[in-house]
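This report walks through a few local features of one protein chain. Please look over the sequence and structure before reading on.

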Amino acid sequence: MRRFNHSQRYVKAINSARWRQVVQQVRKSQDNLCAECMKLGIATPIDSVHHIVPAEEHSSDEVFERQFFNLANLVGLC
């Protein structure tokens, strides 16, 4: 199993009610289907939501939070 060494702010954000709401928005916007599989014409349910550009790349807390919850920076994948 792969382990990540995430920052405290990442762990706090990923465990927040706001994150759970954003995940539901992504699932709804993609009809709960994996974006990459849909490109191939395969209907596979979303397993998790990922950041396109990792939010942890941003040093300031303000930019981190804005990017972390930015729907344009999220994709549902299987």
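D31 counts as exposed, because its relative accessibility is 62%. The model is a predicted one. D31 sits in the loop that runs between helix 2 and helix 3 (35-39). D31 is not a glycine, yet its phi is positive, at about 55°.

N32 belongs to the loop between helix 2 and helix 3. Its phi is near 55°, again a positive value in a residue other than glycine. With a relative accessible area of 30%, N32 is partly exposed, since that class covers values between the 20% limit for buried and the 50% limit for exposed.

## The nonpolar core

The largest nonpolar core has 12 residues: Y10, A13, W19, V22, V23, V26, V49, A55, F64, F68, F69 and L74. At least two residues of this core come from each of helix 1 (8-14), helix 2 (17-29) and helix 4 (61-68). Helix 2 gives the largest share, four residues. In soluble globular proteins, nonpolar side chains tend to be buried together.

What does A13 touch, leaving aside its neighbours within four places in sequence? A13 is in contact with W19, F64, F68 and F69.

## F68 in helix 4

F68 is a residue of helix 4. Its relative accessibility is 0%, so F68 counts as buried. Apart from neighbours within four places in sequence, F68 is in contact with Y10, A13, I14, W19, H51, A55 and L74.

How far is F68 from N32, going by their C-alpha atoms? The two C-alpha atoms are separated by 20 Å, and the residues are 36 apart along the chain.

## H51 in strand 1

H51 is found in strand 1, which covers residues 48-51. Is H51 buried or exposed? H51 counts as buried because its relative accessibility is 16%, and the limit for buried is under 20%.

A polar atom of the H51 side chain lies 2.9 Å from the backbone oxygen of F68. Leaving aside neighbours within four places in sequence, the contacts of H51 are W19, Q67, F68, N73 and L74. Among them, W19, F68 and L74 are also members of the largest nonpolar core.

Methods: Residues numbered from 1 in each chain as written. Predicted model: local features only at pLDDT ≥ 70, side-chain atom pairs only at ≥ 80, totals over all residues. Heavy atoms only, no water. Core = buried A, V, L, I, M, F, W, Y, C linked by side-chain atoms within 4.5 Å. Buried < 20%, exposed > 50% of the residue type's maximum accessible area, 1.4 Å probe, protein only. Contact = heavy atoms within 4.5 Å. Polar contact = N/O pair within 3.5 Å; in protein donor to acceptor, adjacent residues only side chain to side chain.
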